[in-house]
Amino acid sequence: MSRPVSRVLTLLELLQSGGVRTVAELADRLGVGERTVRRYVDHLVDLDVPVESVRGRYGGYRLAPGHRMPPLMLTDDEALAVLLGLVAGRRTGTTAAAGTAGETAAAKVRRVLPERLRHRLDAVLDSLTFTTAPAGSAAPEAAVLLPVADAVRHHRPLAIRYTGGRREGGRGGERTLYPYGLVAHAGRWYVTGWDLSVGAERTFRLDRIDGARVLPGTFEPPPGPGPAERVLTALATAPYRHEVTVRVRGTAEEIRARLPGSVAIVAAEDGEGGEGGEGEGWCRVEIRAERLDWLPGLLASLDRPFLVERPDELRGLVADLAGRLMDAARGTPPPRG
């Protein structure tokens with residue numbers, strides 16, 4: 001690569017780092033005169049790179065938004081961060097790139113890397129393993145995510161076409177929402193807000209939204225819990241087959257550390273130890289579940305005294321687990337059957 005072309009690309013890399021760069025600073029970094037810097041800027045402008053001049057005492061050049069993305073200059077560390085982010089995002093389900101967009105983006109980054117760096121990054125990706133199974137694909141479409149985010153940021157009403165899940169019988173339809181926030185949780189994206197269609201707060205999965213449109217007007221988000229807490233509460237209180245209530249000895253903070261907010265609602269009982277209180281009291285734990293067989297082990301793992309208030313079926317399952325644990329402690333072989 002000839003030195004002038006190399007310096008023009010270096011100039012682009014400097015501008016992409018953000019902010020206003022003075023002509024003197026650029027000349028010093030490139031090892032050329034200020035007149036040459038201005039000529040290099042003209043080259044970038046001729047290539048449709050949106051470089052704009054900033055006048056004044058602290059003026060210079062900066063990169064402005066353009067009608068298309070200019071050539072992207074990445075350092076070794078930046079290229080590694082981009083590729084690992086794309087790979088990890090696809091693996092965990094937190095990427096917002098639907099379909100094959102994540103794969104094609106990674107391929108484009110790899111294609112323009114110097115051969116030396118590409119081989120080094122391939123070594124990292126080929127040797128990388130994960131301890132968890134790949135998450136199911138639940139990435140939202142850009143045509144949904146972008147208008148939802150715009151409505152959240154500017155407090156605008158939002159019209160969506162939504163298809164419910166299995167517990168909702170797959171029913172769909174048009175909804176009008178005052179969106180409070182976007183939340184990524186357990187490999188899925190959610191929007192939470194006030195559903196004007198039913199007059200209640202609701203949480204919607206973005207991968208079940210077929211279309212989203214920002215509406216005129218504005219609204220004022222209510223005070224109270226943030227979007228993440230609202231989504232976790234909605235997941236923990238969603239309608240399931242069993243409604244479980246258990247009293248657990250300990251502070252609310254200790255119990256919440258063992259029971260995620262998406263699984264249980266924990267509240268200190270009046271007059272008992274709770275948030276930052278002295279001593280330990282009792283907390284009421286509410287859990288919604290399709291099955292009860294996993295709850296005895298979960299409650300035992302708390303290593304805290306607990307009392308099952310409902311359902312009666314759970315008490316029997318806890319007793320069965322206690323009996324099996326007692327037999328194991330005594331060395332009694334399990335019955336054949």
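A salt bridge here is a side-chain nitrogen of Lys or Arg within 4 Å of a carboxyl oxygen of Asp or Glu.

Ground rules, quickly. This is a predicted model, where local features need pLDDT of at least 70, side-chain atom pairs count only at pLDDT 80 or more, and totals for chains, interfaces and linings use all residues. Residues are numbered from 1 along each chain as its sequence is written, and side-chain values use heavy atoms, with hydrogens and water left out.

So, salt bridges. How many does the structure hold? The count is 14.

Take R230 and E201. Their side chains meet in a salt bridge at 2.7 Å, N to O. The pair links distant parts of the chain, 29 residues apart. R230 sits in helix α8, residues 227-236. E201 sits in strand β6, residues 200-205. Helices (H or I, at least four residues) and strands (E, at least two) are DSSP runs, numbered from the N terminus.

Is R230 buried or exposed? Buried, because its relative accessibility is 12%. The scale: buried is under 20% relative accessible area, exposed is over 50%, partly exposed is in between, with a 1.4 Å probe and protein chains only. E201, at 35%, counts as partly exposed.

Next, R288 and E243. This salt bridge spans 3.7 Å, N to O. R288 lies in strand β10 (residues 282-289) and E243 in strand β8 (residues 242-249), so the pair ties together parts 45 residues apart in sequence. R288 is partly exposed at 24%. E243 is partly exposed at 38%.

E254 is in helix α9, residues 252-258. R304 is in the loop between α10 (295-301) and β11 (306-310). That link covers 50 residues. E254 is partly exposed at 33%, and R304 is partly exposed at 26%.

Which residues are linked in a network of salt bridges? R247, E269, R284 and E309.

Last stop, a glycine. G59 is found in the loop between β1 (51-54) and β2 (60-63). G59 counts as buried because its relative accessibility is 14%. Leaving aside neighbours within four places in sequence, G59 is in contact (heavy atoms within 4.5 Å) with V20, T22 and V54. G59 and R21 are 38 residues apart in sequence, yet 7.6 Å apart in space, C-alpha to C-alpha.

That's the tour. Over to you.
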